[in-house]
Amino acid sequence: MSRSTFVYVTYIRTTPDKLWSALTDAEFMKQYWFGVRCESKWTAGSPWKMVRPDGRLTDSGEIVESDPPRRLVIRWQHQDRPELKAEGPSRCTMELEPIGTAVKLSITHTIDRDPSKFIEAVSGGWPKILSNLKSLLETGQTILS
């Protein structure tokens, strides 16, 4: 089966625990994810959803794997745009690796289809979100609004 994949790697001057918290705290997330929050218990098998500031559900799924503060895997199904929802579920893997005074954050987002409009969409969003996250953790401010 064909697969589409988006990979993004960044290094953030923080600790694995602080980065894990930033990735899983719905209120903190709103600061760097343009008002969007993700809600979950962040344990394997728990439901996961992404909610816009106006309360609309954009994505949902479940936590496949949770190994704080090292690895998080989410089964991710888009809900908002019919053409993206029709592509089915994707898989987002977040890996955190301490490197000196920084943490290497690797995001791998895949879907079992090629080409994928969904992967094309997230490939435009992840760099903005993660740039905001990096800036917020290192300076206390986001760079994009």
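Predicted model: local features only at pLDDT ≥ 70, side-chain atom pairs only at ≥ 80, totals over all residues.
**Exercise 1.** Which parts of the chain does the pair arginine 56 and aspartate 80 tie together?

*Solution.* Start with the contact: the two side chains form a salt bridge, with N and O 3.4 Å apart. Next, place each partner. Arginine 56 sits in the loop between strand S3 (47–51) and strand S4 (57–67), while aspartate 80 sits in the loop between strand S5 (71–78) and helix H3 (82–85), so the pair ties together parts that are 24 residues apart in sequence. Finally, look at the neighbours: Arg56 and Asp80 belong to a network of salt bridges that also includes Arg52 and Asp54.

**Exercise 2.** Is glutamate 62 buried or partly exposed, and where does its partner arginine 75 lie?

*Solution.* First, find the bridge: glutamate 62 meets arginine 75 through their side chains at 3.4 Å, N to O. Then locate both: glutamate 62 is in strand S4 and arginine 75 in strand S5, 13 residues apart, which links distant parts of the chain. Now use the cut-off, where buried means under 20% relative accessible area. Glutamate 62 has 29%, so this residue is partly exposed. Arginine 75, at 35%, is partly exposed too.

**Exercise 3.** How many residues apart are lysine 134 and glutamate 138 in helix H4?

*Solution.* Begin with the salt bridge between lysine 134 and glutamate 138, whose closest N and O atoms are 2.9 Å apart. Both residues lie in helix H4 (residues 117–139), and they are four residues apart, about one turn of the helix. To finish, check accessibility: lysine 134 is partly exposed at 25%, and glutamate 138 is partly exposed at 35%.

Technical notes
Residues numbered from 1 in each chain as written. Heavy atoms only, no water. Salt bridge = Lys/Arg side-chain N within 4 Å of Asp/Glu carboxyl O. Helix = DSSP H or I, 4+ residues; strand = E, 2+ residues; numbered from the N terminus. Buried < 20%, exposed > 50% of the residue type's maximum accessible area, 1.4 Å probe, protein only.
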